[in-house]
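Colleague: I am new to this one. Can you walk me through how to read it?

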Amino acid sequence: MLRYLRFPYDLLVNGSAYAVLNFLIHKPTPLDEERVWKFITGPEPALRRIVREAWPPSFLRRILLRAKQYQDAALGIQEHYDVSNEFYKLFLDPKFMFYSCADHIRGDETLIEAQTNKANHLLGLIDPKPGEKIVELGCGWASMLRHIEQHTGDRENLEGFTLSKEQAAYIKENFGYRVRLENFVKADYPKEYYDKVYSIAAWEAIRPQENPIILKKIYDALKPGGRFVLHFFSRLTPKLPAAITVSQLFFPGHVPASHPEIVHEFEKAGFRITQMTCHDYRTTLRQWFEAMVARKEEAIKLVGIETYNRYVVFFPASYKYFDDRTGVLFRYVLSKPPIK
Ligand SMILES: C[S@@+](CC[C@H](N)C(=O)[O-])C[C@H]1O[C@@H](n2cnc3c(N)ncnc32)[C@H](O)[C@@H]1O
């Protein structure tokens with residue numbers, strides 16, 4: 001009942017896409033998954049697109065986002081990842097449990113194969129060596145930390161940050177890496193301590209105004225000649241797209257940086273950009289969706305209908321974000337210049 005009352009309010013304040021998706025999420029029974037997928041990702045009638053993009057207008061969008069940003073973004077992240085480890089296990093690849101874009105190079109890879117491609121690509125970019133001090137900002141279930149340890153045989157010098165209590169407990173229990181249950185933006189770092197710092201699918205959560213602060217911290221924490229590898233999506237232009245309002249349904253207060261702005265921030269912080277590649281997120285999102293739907297009964301048992309419906313909407317909404325080229329997944333290799 002409440003969703004019928006919320007719908008006109010959402011329509012007026014947050015726009016048509018937000019209103020419809022929020023209405024779907026709160027359906028008291030499980031959604032028809034394929035119908036939702038087709039509705040969100042299929043061809044969009046011109047009028048629907050015009051309405052979706054026109055309201056709320058950009059000045060109102062900015063006001064709404066500013067209001068959302070007063071909330072602690074860290075709480076939104078915690079909420080997202082503390083759903084339940086068992087739930088994520090239903091749809092993430094069983095080998096690594098990566099919750100980040102995989103690399104489908106041929107196009108027909110299974111999720112495990114594509115995540116292995118990604119892990120190997122990142123390994124090449126990070127280029128870890130035994131004895132090097134390495135930290136992952138936003139380490140999830142320690143997928144990449146494990147891949148690095150397999151390669152170097154060194155676990156003592158690995159460290160990770162997460163905001164999720166569930167992830168931290170899981171890592172401690174299963175792998176024993178040093179994990180800081182702490183916001184990496186607010187954390188203190190030892191000076192010129194790390195050889196490599198990397199972050200996979202966590203920089204999206206950094207608010208644009210936080211970039212100079214955290215980038216300076218990382219720059220100072222790296223040894224001269226150190227390396228910083230990032231994998232995250234950003235929007236292609238500084239203009240705030242309509243889709244930003246929709247993403248508030250899943251990550252309140254979330255405003256991904258724009259690609260031109262972030263590149264500028266990297267250089268302003270003193271880094272040299274030595275590599276930059278872009279990757280296609282869409283197949284990964286579809287594979288997660290299919291894997292979750294295949295285990296629907298278990299998923300609902302674990303998280304309930306509302307959270308299940310939220311993910312039934314989240315995956316195609318994210319697919320659409322990339323399909324429209326509103327956002328693109330980039331990997332960057334940044335280097336701190338060595339002492340001359
Ligand atoms: C999408 S998951 C990616 C996890 C992992 N890197 C992977 O590729 O599977 C994002 C991770 O970043 C963490 N995270 C996001 N923002 C953070 C912050 N400000 N401080 C600490 N951890 C953060 C979350 O807790 C979560 O572990």
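Modeller: Start with a term. Helices and strands here are DSSP runs, numbered from the N terminus. Keep in mind that this is a predicted model.

Colleague: Which helix and which strand each supply at least two residues of the shell around the ligand?

Modeller: Helix H6 (73–81) and strand S2 (158–162) do. H6 gives the most, with three residues.

Colleague: Which residues come nearest to the ligand?

Modeller: There are 22 residues around the ligand. Ser100, Gly138, Gly140, Ile200 and Ala202 come nearest. By class, the shell has 14 nonpolar and eight polar residues, and no charged ones.

Colleague: Now the helices. How do I read a packed pair?

Modeller: Two packed helices are described by the angle between their axes and the distance between those axes. Take helix H1 (residues 2–13) and helix H2 (residues 16–25): the angle is about 165° and the axes are 8 Å apart. Angles over 145 degrees count as roughly antiparallel, so H1 is roughly antiparallel to H2. The crossing of H1 with H2 is right-handed.

Colleague: Which residues make the contact?

Modeller: From H1, Arg3, Arg6, Phe7, Asp10 and Leu11; from H2, Ser16, Tyr18, Ala19, Asn22 and Phe23. In this contact of H1 with H2, five residues are nonpolar, two polar and three charged.

Colleague: And the strands? In what sense do S5 and S7 pair, parallel or antiparallel?

Modeller: Antiparallel: strand S5 (residues 222–235) meets strand S7 (residues 327–335) over nine bridges. Find Val229, opposite Val333 in S7. Strand S6 (residues 272–279) also pairs with S7 in the antiparallel sense, over seven bridges. There, look for Thr277 opposite Arg331 in S7.

Note on methods: Residues are numbered from 1 along each chain as its sequence is written. This is a predicted model: local features need pLDDT of at least 70, side-chain atom pairs count only at pLDDT 80 or more; totals for chains, interfaces and linings use all residues. A residue is near a molecule or strand if its C-beta atom, placed from the backbone, lies within 6 Å of it. Helices (H or I, at least four residues) and strands (E, at least two) are DSSP runs, numbered from the N terminus. Ala, Val, Leu, Ile, Met, Phe, Trp, Tyr, Cys and Pro count as nonpolar, Asp, Glu, Lys and Arg as charged, and the others, Gly among them, as polar. Two strands pair if DSSP finds at least two bridges between them. Axes are lines fitted to C-alpha atoms, for helices over the stretch in contact, and angles run from 0 to 180 degrees between N-to-C directions. Angles under 35 degrees count as roughly parallel, over 145 as roughly antiparallel, 65 to 115 as roughly perpendicular and the rest as oblique. A crossing is left-handed if the near helix is turned anticlockwise from the far one by less than a right angle, and right-handed if clockwise. Two residues are in contact if their C-beta atoms, placed from the backbone, lie within 7 Å.
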